[in-house]
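Please walk through this structure with the text below, from the whole chain down to single pairs of residues.

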Amino acid sequence: MQAPQTKESTFVQHVPCDLCGSKDNAGIYDDGHTYCFGCDTYTAPQPDGEGFTAAPAAQGKKQKDLLEGTYQALKARKLTEDSCRKFGYQVGVDHTGPIQIANYRRDGVVVAQKVRGKDKSFRIKGDGSKLPFYGQHLWGTGKKLVICEGEIDTITVSQIQNHKWATVGLPNGCQSAVRSVKDNWDYLEGFSEIVLMFDMDDPGQKAAKAVADLLPAGKARIAHLPLKDPNECLLNGKTADVVNAIFQAREYRPDGIVAATDLREAISVADAASAITYPYERLNEISKGLRPGELVTVTAGSGIGKSTFIRELVYHLHQLEVPCGLIMLEESTKRTLLGLVGIHLSKNITVDRDLSTDEEIEQAFDELFPPGRQMYLFDHFGSSDLDIICQRIQYMVRALGVKFVVIDHISILVSGLATNDERKLIDMAMTRLRTLVQELDIGLIVVSHLRRPEGDKGHEDGAKVRLGQLRGSHSIAQLSDMCISLQIDPENPDGDTRHLHVLKNRWTGETGIAGSVTFNRTSGRLTATEDQF
């Protein structure tokens, strides 16, 4: 629409338009009329004939003239003229150039128009508050309603099924899907089934789940398409897939709810031991290995060998070509790598660097990390902020392909938080970490300290480790799938033998002694006692 012509009026200045929210798209003229080039709103001159006053456009009478267009087939979209006419989808021209006009009706009357320009920009003319679904005026109550993400997809789905089933569209895209559903709740209650056919991209599917969670139980169904959206399916000759998607859409169940009948085939398959193992045979017999989606806690008294056990475990996983990420908060990345190279050399170079030459260490490093086999470490520089740690874990997994993450240890992870209540901090940290394990489907190995037992005998003197002694919070035991402790031999507390105990085993339920390991001070290795080093 062109600006209405006024006799001998002269542009004075740009002003804001309260109707569309633009800062300077409206112009005010010396005879008092205003015109907004953003939303095509014209305001007539003041009736007293006084001419120009420095009032913004919105202070005059707002004339919400709607645009006029024509009906024609949209060949680029394979939509017929009849389909466009049925839904009130027009084409036209305004000051920006060619436009498409989607008319929104309430009680049979056009109350708003969504105007699409050639640059795919959108603007609303008329009353854009609490818009009905696009095409809502065409359908009353019924058995099945299909909701699409936009006007073009709405017309597409309706045309594919010869306008048989009620089909409507979100007025403001998937980002406002939940709000649109709430605004039109009474209308939706008139249908027994609601099929959500949103775009197949991540925003569309997240919106579909959010809407499905909002709708009454049993009413929502989420359709799945072979291509991004219904119109793309139409353009590629996959109309049958759209129809099938409507009628094959399964009743939506929130995450975690599974029908027993869906598991018929799964229960007939025996659960095999994991191909990802611990470096110790007896521990594997009890645990059946390590699995993604599980949280393992390793604990022991102070100075008993937790870090040595973790290094052996990480070295073993690396040799199995399992991508690992290490968050070792008690030591530098250099010391961590030196320890792993020492294991590879079977020399305790973290204690005595002179046990190997520089050439031997560099050669061992190259053998440990050949092209294509990587390990990732978090260079914390003293930072142990929980949010940062969680972000780094997500990056390691999603961007770098890490499958198992080690955190040593949980108490340092919460030490920097702004409260002195360690129990609550560990509760919060373990809950966050448990959520990450499930969300990312990773294996997480966490090192935890112990509370000192009652009495004179500490864990370093051979006192037995119990699950309730995990330091700070019961959430460590509750949220872990596996808890493993290293215990000193009570018969020889000064010796180098450690007994492995499984304190918790959610996988098989078996707990108890899981073998013994001995630390060789020369090689720096922690090996099963029955092994000959």
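A residue counts as buried when its relative accessible area is under 20%, as exposed when that value is over 50%, and as partly exposed in between. The model discussed here is predicted. By the burial cut-off, ten of the ten residues of helix 2 (residues 151-160) are buried, so helix 2 is largely enclosed by the rest of the structure. Just after helix 2, Asn162 has a positive phi of about 55 degrees.

The chain as a whole gives the setting for this helix. It contains 15 helices and 21 strands, and 49% of its 533 residues count as buried. Among contacts between residues at least 6 apart in sequence, 59% join residues that are at least 24 apart.

Cysteines can be taken next. A disulfide is a covalent bond between the sulfur atoms of two cysteines. The structure holds zero disulfides. Cys148 is buried, with a relative accessible area of 0%, and Cys483 is buried as well, at 1%.

How do two helices pack against each other? Such a pair is described by the angle between the axes and the distance between them. For helix 10 (residues 333-345) and helix 11 (residues 358-368), the axes come within 9 Å and cross at roughly 90 degrees. Angles of 65 to 115 degrees count as roughly perpendicular, and helix 10 and helix 11 are therefore roughly perpendicular to each other. On the helix 10 side, the contact is made by Leu337, Leu340, Val341, His344 and Leu345. Helix 11 contributes Glu360, Ile361, Ala364, Phe365, Glu367 and Leu368. The residues of this contact divide into eight nonpolar, one polar and two charged.

Charged pairs form another set of links. Side chains of opposite charge can pair when their charged atoms come close. Over the whole structure, a search finds 21 salt bridges.

One of them joins Glu321 to Arg373, with the closest N and O atoms 3.4 Å apart. Glu321 lies in the loop between helix 9 (306-319) and strand 14 (324-328), and Arg373 in the loop between helix 11 and strand 15 (376-377), so the pair ties together parts that are 52 residues apart in sequence. Glu321 is exposed, at 58% relative accessible area, while Arg373 is partly exposed, at 21%.

A further salt bridge is formed by Arg432 and Asp387, where the closest N and O atoms are 3.0 Å apart.

Arg434 forms a salt bridge with Asp481, the closest N and O atoms being 2.7 Å apart. Elsewhere, salt bridges that share partners join Asp199, Lys228 and Asp229 into one network.

Terms used
Residues numbered from 1 in each chain as written. Predicted model: local features only at pLDDT ≥ 70, side-chain atom pairs only at ≥ 80, totals over all residues. Heavy atoms only, no water. Disulfide = S-S within 2.5 Å. Buried < 20%, exposed > 50% of the residue type's maximum accessible area, 1.4 Å probe, protein only. Helix = DSSP H or I, 4+ residues; strand = E, 2+ residues; numbered from the N terminus. Axes fitted to C-alpha atoms, helices over the stretch in contact; angles between N-to-C directions. Parallel < 35°, antiparallel > 145°, perpendicular 65-115°, else oblique. Contact = heavy atoms within 4.5 Å. Nonpolar A, V, L, I, M, F, W, Y, C, P; charged D, E, K, R; others polar. Salt bridge = Lys/Arg side-chain N within 4 Å of Asp/Glu carboxyl O.
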